[in-house]
Amino acid sequence: MKKLNLLLSILLVASMVLLGACSSKSSGNSDEKEITFMFRGGEDEKTAYTAAIKKFEEQHEGVKVKIINTDADQYSTKLSAAVSGGNVPDVFYLDSGSIANYVDNGIIRDITEDVEKADFDLNSLWQFGVDIYRYDGDTSGKGALYGLPKDVGPFALGYNKDMFEKAGIPIPDKDKAYTWDEFLKVSQDLTQDTDGDGEVDQWASGFNATWSLQSFAYSNGASFLNEAGDKVTVDTPEFAKSLQFFSDLSNKYNTTPNSSQAETLDTYQRWMNGELAFFPVGPWDMSTYAKLDFEYDLMPWPSGDAGKSVAYVGSLGLVVSEMTQYPELATELAIYLSADEEAQQTLLDAQVQIPNLVDMAEEWASDTESVPSNKQEFLDIVQDYGVPYPTFATYNSQWLDEFWTNITPVVQGKKTAEEYLKEIQPKMQKLLDEANEQAKMSK
Amino acid sequence: MASHRCLLLKGVKSMSGINPVVGTKDVKPKKPKKQKSSALYKQEHRVAFLFVLAPVIGFLLFSVYPFAYSIYASFTDWNGLNRMNFIGLDNFVKLFQDPYFYQTLYNTVFYMIGIPIGLGLALLLAIALNRGLRGTTFFRTVYYIPVISSLAAISIMWAWAYNGDFGLVNQVLEVFGIKGPNWLENKATVKPAIILMAVWKGLGYSMLLYLAAIQSVSKSFYEAADLDGANSYQKFLNITWPMVKPVTFFLVITNIIGGFQIFTEINIMTPTGGPEYSAASIVWYVWQKAFKYYQMGYGSAMSLILFVFIFIVTVIQFYLNRKSDYSLD
């Protein structure tokens with residue numbers, strides 16, 4: 001009997017521990033401080049961060065960093081699970097667009113003071129990359145600091161230099177963007193049947209609307225959203241003109257492969273085969289593009305009526321949990337991961353990102369010998385003409401996804417831009433209103 | 001996935017089946033009740049109870065508790081990050097006005113066209129393999145390979161095969177002079193494309209079950225039919241088909257339950273739900289709402305509706321099956 005009672009109570013305790021493990025932090029050894037760092041990324045990031053973390057541990061006695069790495073696809077699901085389970089990692093990656101949400105829900109920590117206290121100059125990082133992690137409880141982009149950039153990802157436009165030379169067309173000016181007319185003219189000249197079999201086998205471009213349309217629209221003075229973030233503004237003539245131009249490149253002027261395909265995989269392959277003149281290039285592409293058979297370089301995006309290039313720039317952040325036991329230490333780790341010179345050098349050597357440190361990036365960009373020679377374009381986007389993704393400051397991305405989900409007929413030339421925008425605006429507005437409503441409720 | 005679920009069900013059943021066994025044990029020592037030597041028995045009884053407790057706790061913890069939790073969540077505006085506010089039936093009201101809810105439900109049901117096709121093919125294959133021709137083992141293996149392969153890997157592979165420019169499918173079609181579409185980017189072809197893949201993937205499993213069922217049919221039935229001069233079509237219709245009916249029933253149920261939950265293929269092959277949401281399934285939409293758009297409450301409401309659907313369909317099927325002569329056991 002006694003034995004049994006014992007057994008029963010053991011079982012009871014065991015199940016309680018099992019339950020408890022979900023909510024309580026593993027404290028481990030009492031004199032050893034453990035911080036967890038959750039991230040996603042490839043081999044290069046793992047190598048770079050493992051080294052940086054090792055150095056961090058050496059400098060901080062009795063501190064152990066537990067690394068949790070997941071697949072890129074699984075990351076957001078895993079993070080949501082960790083958050084709803086009350087088991088938030090001390091330091092983790094968070095998309096810049098989710099900052100406001102996580103702040104409103106009290107999940108991430110205001111690190112303004114800790115960063116100030118730390119032996120670290122915030123100005124050594126890109127201002128864009130820092131400001132994007134500010135939030136004043138109302139507007140994103142200003143106020144207290146809630147994160148540091150893990151990277152900044154400027155989305156530049158690349159071109160196939162060899163193709164221009166072969167066609168006898170002067171290469172694009174790196175300081176002066178094409179107007180749309182110029183871009184169209186060059187596009188038409190470059191779309192050719194090079195082997196004379198009667199079929200076109202070389203095209204100008206083949207952009208995926210999701211990542212490129214923003215450049216066309218914004219440089220034409222249009223936008224997806226008003227400043228206040230409460231009105232969808234796609235139903236303007238400027239927007240219609242840009243979307244129509246985007247669609248016409250395929251359907252009217254035939255300067256892109258097969259009009260029925262906007263799927264990037266196809267155009268991506270064609271670009272790599274040297275069949276396309278223009279293609280977007282992000283810093284993470286550099287390692288792959290280093291192996292191309294042709295020389296490529298970067299240029300500003302063509303600009304519409306507003307007369308200025310616009311490019312998309314993304315950023316993934318390092319944030320600190322509000323529930324962490326060691327806030328200062330965690331902040332320091334975030335700083336390390338964001339700004340450690342060696343780690344940044346490793347990532348730079350792997351050609352997967354541009355350095356977060358401005359000085360280092362500028363030194364890197366001053367080397368115009370290696371491909372792409374106009375590396376400065378990346379920096380220009382970050383410092384000058386880059387804009388965050390339209391959903392950056394909204395509660396969720398559903399209103400914009402609605403736009404992409406139904407855009408196919410326009411891209412395929414079966415519907416005019418004006419018609420589409422008129423019909424999609426109210427639907428997007430409804431979803432945006434819903435999102436804003438929800439944002440208010442969760443504050 | 002479906003088969004796991006079924007094992008689980010069986011597990012629960014056999015669990016409840018333990019009780020009568022314990023009960024009968026209970027009866028035996030009761031006769032010499034006055035012997036009062038039930039100490040040993042009691043002890044054993046308690047140990048048995050512990051063994052039963054383990055799965056019960058697991059079931060409560062990992063099935064009942066999350067289930068109850070999600071029922072509650074469906075009446076709240078929970079965003080998955082923070083506290084829940086009770087909002088009554090708001091989610092359900094919104095749900096029935098949501099065009100994408102109907103669209104994804106329609107898509108999900110549409111995918112089930114693959115079930116009769118798959119079962120028909122599986123039965124045909126099983127009959128063919130049952131003839132005892134040479135190479136049967138080889139083909140059995142060939143057809144079973146997709147079943148044991150990872151669904152994610154298969155989805156990626158088929159996504160390549162369906163690629164408009166370089167895909168295997170279109171290259172083969174081109175040999176016959178047909179210009180294939182960009183399967184997954186085209187509203188009209190994306191669902192058939194996914195159905196084709198699902199049929200291919202599930203074929204081996206159904207085939208194996210059918211094969212086992214066919215082989216267990218007593219030869220004497222066929223001999224008797226031969227004596228009566230039945231042709232092979234009559235033999236199939238009057239012997240084979242009724243004899244494998246329990247298997248058909250089992251497969252239809254598990255396929256429908258699995259069909260309602262189709263997700264991985266969709267998420268990998270059409271990460272944005274396909275052109276104009278033409279490929280999005282209901283579970284995919286639930287996931288999208290809950291984890292991408294921070295509407296966990298709404299997602300929970302949708303999964304609750306999905307649960308009700310599956311439940312009703314299954315009850316109807318069990319009812320229909322009970323009316324027929326053959327049962328699952």
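Colleague: Let's start with F279(A): does that residue count as buried or exposed, and why?
Modeller: Keep in mind that this is a predicted model. F279(A) counts as buried because it has 23 C-beta neighbours inside 10 Å, and 20 or more is what a buried residue needs.

Colleague: Where does F279(A) lie?
Modeller: F279(A) is in strand β8 of chain A, residues 278-281.

Colleague: And which residues does F279(A) touch, not counting those up to four places away in sequence?
Modeller: Those are G158(A) and W271(A). Y159(A) is worth a look as well: it sits 120 residues from F279(A) along the chain, yet 6.2 Å separate their C-alpha atoms.

Colleague: OK, switching to helix α8 of chain A. Which of its residues are buried?
Modeller: In α8(A), residues 180-190, the buried ones are W180(A), F183(A), V186(A), S187(A) and L190(A). They span an arc of only 130° around the axis, so they end up on the same side of α8(A).

Colleague: What covers the buried residues of α8(A)?
Modeller: The cover includes α7 (161-167) and α10 (237-251) of chain A.

Colleague: Now the strands. How many bridges join β1 and β2 of chain A?
Modeller: There are 8 bridges between β1(A), residues 33-40, and β2(A), residues 63-70, and the two strands run parallel. If you want a spot to look at, F37(A) stands opposite I67(A) in β2(A).

Colleague: Zooming out, which domains is chain A divided into?
Modeller: Domain 1 is 29-153 + 315-365, and domain 2 is 156-311 + 376-441. Their centres, taken over C-alpha atoms, are separated by 31 Å.

Colleague: How many residues of each domain are in contact with the other?
Modeller: In chain A, 19 residues of domain 1 are in contact with 18 residues of domain 2. On the domain 1 side, the elements giving two or more residues are α4 (99-104), β6 (148-154) and α15 (358-365) of chain A. That side has 10 nonpolar, 7 polar and 2 charged residues.

Colleague: Last one: how many residues do chain A and chain B bring to their contact?
Modeller: Chain A brings 28 residues and chain B brings 25. On the chain A side, α3(A) gives the most, with 5 residues. By class, that side of chain A has 9 nonpolar, 17 polar and 2 charged residues.

Terms used. Residues numbered from 1 in each chain as written. Chains lettered and ligands numbered in written order. Predicted model: local features only at pLDDT ≥ 70, side-chain atom pairs only at ≥ 80, totals over all residues. Contact = placed C-beta atoms within 7 Å. Helix = DSSP H or I, 4+ residues; strand = E, 2+ residues; numbered from the N terminus. Nonpolar A, V, L, I, M, F, W, Y, C, P; charged D, E, K, R; others polar. Domains from an automatic or database assignment. Pairing = 2+ DSSP bridges. Buried ≥ 20, exposed ≤ 12 C-beta atoms within 10 Å, placed from the backbone. Arc of directions from axis to C-beta.
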